[in-house]
Amino acid sequence: MGLLDKEFSDGNIVIARVDDLMNWARLSSIWQLGFGLACCAIEMMATSASHYDFDRFGVIPRNTPRQSDAIIISGTVTLKMAIRIKRLYEQMPDPKYIISMGSCANCGGPYWEHGYHVLKGIDRVIPVDVYVPGCPPRPEALLEGLLKLQEKIRNETLRIKSA
Amino acid sequence: MKNPEEIFEILKREFDETLLSIDNSAPTEPIINIAPIGIMKVSRFLRDTEELKFDSLMVLSGVDEANGIKIKDEDGVETITGGNLSVYYHLYSTTLRHKITLKVTTSRDDPQVESVESVWKCADWHEREAYDMFGIIFLNHPDLRRILMPYDWEAGYPLRKDYKNPEFYQGMKVPY
């Protein structure tokens, strides 16, 4: 008969758990919101560029929160910006993930004491999945942060979302 | 090319003695003090006079002199009453290649200084910054809003020496 019947009779069927398939699909194409804040953003851009090539993990910048899966908070978050970040985060569709990149986004960094304008950690506003330490972190560190996030997504189930 | 003393002599010929004075004690170049009401007139003269031609305002910055009465309460929180706020103007002439520093001193309780936005356009944002950080009111400024801090920031002016940061801003905790 037709081509399809022949394909199926040859045993070209892959059996997988829905969880595994969903997780594999999600972790293999994490579209990040094109969003940079300070010197960490320079490292993030270097990670996206050809030498470190974020794209080999399926990470491409998407310039709308409505079609992105992750947001990398790459730099110093001022109180003024924190309100905007929260709004961007709320516009992203579920499931959504956050990588906090660098000391400033993690805990305020060098501005922890006298930074009257700095939010001391983005986790005061939105929930963070992976913290990447460094000031700024090298591209390798950000890549490892992404791998950690992929690891986290790999262990999710449809029933309970861990992140 | 003229040095600050020569520039001061030219200014003295043109303007009232009460409006300006020269301060030679600074370890830097001499600074010309100018009254808060009158800086616009002097600035325009400095820009337009053929032998001065100060066509560039390199920077305009606010300073809290913190020379008022300092009172410490039992928590160690210091408040300053009285004293002065200052505005410094660093001018440069790109054609004659000379520089001058102007200083305007105003009271800390009611800081009002004439705007020089109509003389050098770049003063617009510089004055907004000085307003944002020190609360100096620039008279006749076309758009005196905060420039760095959020528009709804109500905790005061961050670079004043007795500034106290708020506990919360829009539900976000501010201290570490």
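This is a predicted model: local features need pLDDT of at least 70, side-chain atom pairs count only at pLDDT 80 or more; totals for chains, interfaces and linings use all residues.
A salt bridge, for this talk, is a side-chain nitrogen of Lys or Arg within 4 Å of a carboxyl oxygen of Asp or Glu. Keep that in mind.

Let me start with B:R108. This arginine forms a salt bridge with B:D162, and the closest N and O atoms are 3.0 Å apart. Where do the two residues sit? B:R108 is in the loop between β7 and β8 of chain B, and B:D162 is in the loop between β9 and β10, so the pair ties together parts that are 54 residues apart in sequence. For reference, β7 covers 99-107 and β8 covers 112-114.

Is B:R108 buried or exposed? Buried, with a relative accessible area of 4%. B:D162 is buried as well, at 16%.

Now look around it. Leaving aside neighbours within four places in sequence, B:R108 is in contact with a list of residues that includes B:I80, B:L85, B:R160 and B:K161. B:G82, B:G83 and B:N84 are also on that list.

On to the other salt bridges. How many are there over all chains? The count comes to 16. Take B:K121 and B:E117. Their side chains meet at 2.9 Å, N to O. Over in chain A, salt bridges with shared partners join A:R17, A:D19 and A:D20 into one network.

Stay in chain A for A:R138 and A:E140. They form a salt bridge, with the closest N and O atoms 3.2 Å apart. A:R138 is partly exposed at 49%. A:E140 is partly exposed too, at 40%.

Next, the interface. Chain A puts 14 residues in contact with 17 residues of chain B. Between them the chains bury about 1200 Å², and 68% of that is on carbon and sulfur atoms. Which residues of chain A lose the most area to chain B? They are A:L79, A:K80 and A:Y116, together 52% of what that side buries.

What about charge across the interface? The count between chain A and chain B is 0 salt bridges. Polar contacts do turn up: the rule finds 5 residue pairs across the interface. Helix α4 of chain A, residues 79-91, gives the most to the side that touches chain B, with 4 residues. By class, that side of chain A has 9 nonpolar, 2 polar and 3 charged residues.

Now aromatics. The whole structure has 5 aromatic pairs over all chains. One of them is A:W112 with B:Y176, edge-to-face, 5.2 Å centre to centre, with 70° between the planes. This pair crosses between chains. A:W112 is in the loop between α5 and β5 of chain A, and B:Y176 is in the segment after β11 of chain B. A:W112 is partly exposed, at 42%. B:Y176 is exposed, at 52%.

Another pair lies within chain B. B:W153 and B:Y169 are tilted, 5.2 Å centre to centre, with 50° between the planes. They link distant parts of the chain, 16 residues apart: B:W153 is in the loop between β9 and β10, and B:Y169 is in strand β10. B:W153 is buried at 5%, and B:Y169 is buried at 7%.

Last topic: the backbone. Most residues other than glycine have a negative phi, and most peptide bonds are trans. Here are some exceptions in this model.

The peptide bond from A:D94 to A:P95 is cis, with omega near -5°. A:P95 is in the loop between α4 and β4 of chain A. The bond from A:C135 to A:P136 is also cis, with omega near -15°. A:P136 is in the loop between β5 and α6.

Then phi. A:D53 has a positive phi of about 55° and is not a glycine. A:D53 lies in the loop between α3 and β2 of chain A, and is partly exposed at 30%. In chain B, B:Q170 has a positive phi near 45°. B:Q170 is in the loop between β10 and β11.

That's my tour. Questions are welcome.

Conventions: Residues are numbered from 1 along each chain as its sequence is written. Chains are lettered from A and ligands numbered from 1 in the order in which they are written. Side-chain values use heavy atoms; hydrogens and water are left out. Contact means heavy atoms within 4.5 Å. Buried area is the accessible area (1.4 Å probe) that two parts lose on being put together, summed over both. A polar contact is a pair of N or O atoms within 3.5 Å; within protein, one must be able to donate a hydrogen and the other to accept it, and residues adjacent in sequence count only if both atoms are side-chain atoms. Helices (H or I, at least four residues) and strands (E, at least two) are DSSP runs, numbered from the N terminus. Ala, Val, Leu, Ile, Met, Phe, Trp, Tyr, Cys and Pro count as nonpolar, Asp, Glu, Lys and Arg as charged, and the others, Gly among them, as polar. Rings of Phe, Tyr and Trp (its six-membered ring) pair if their centres lie within 6.5 Å; planes under 30 degrees apart count as stacked, over 60 as edge-to-face and the rest as tilted. Buried means under 20% relative accessible area, exposed over 50%, partly exposed in between (1.4 Å probe, protein chains only).
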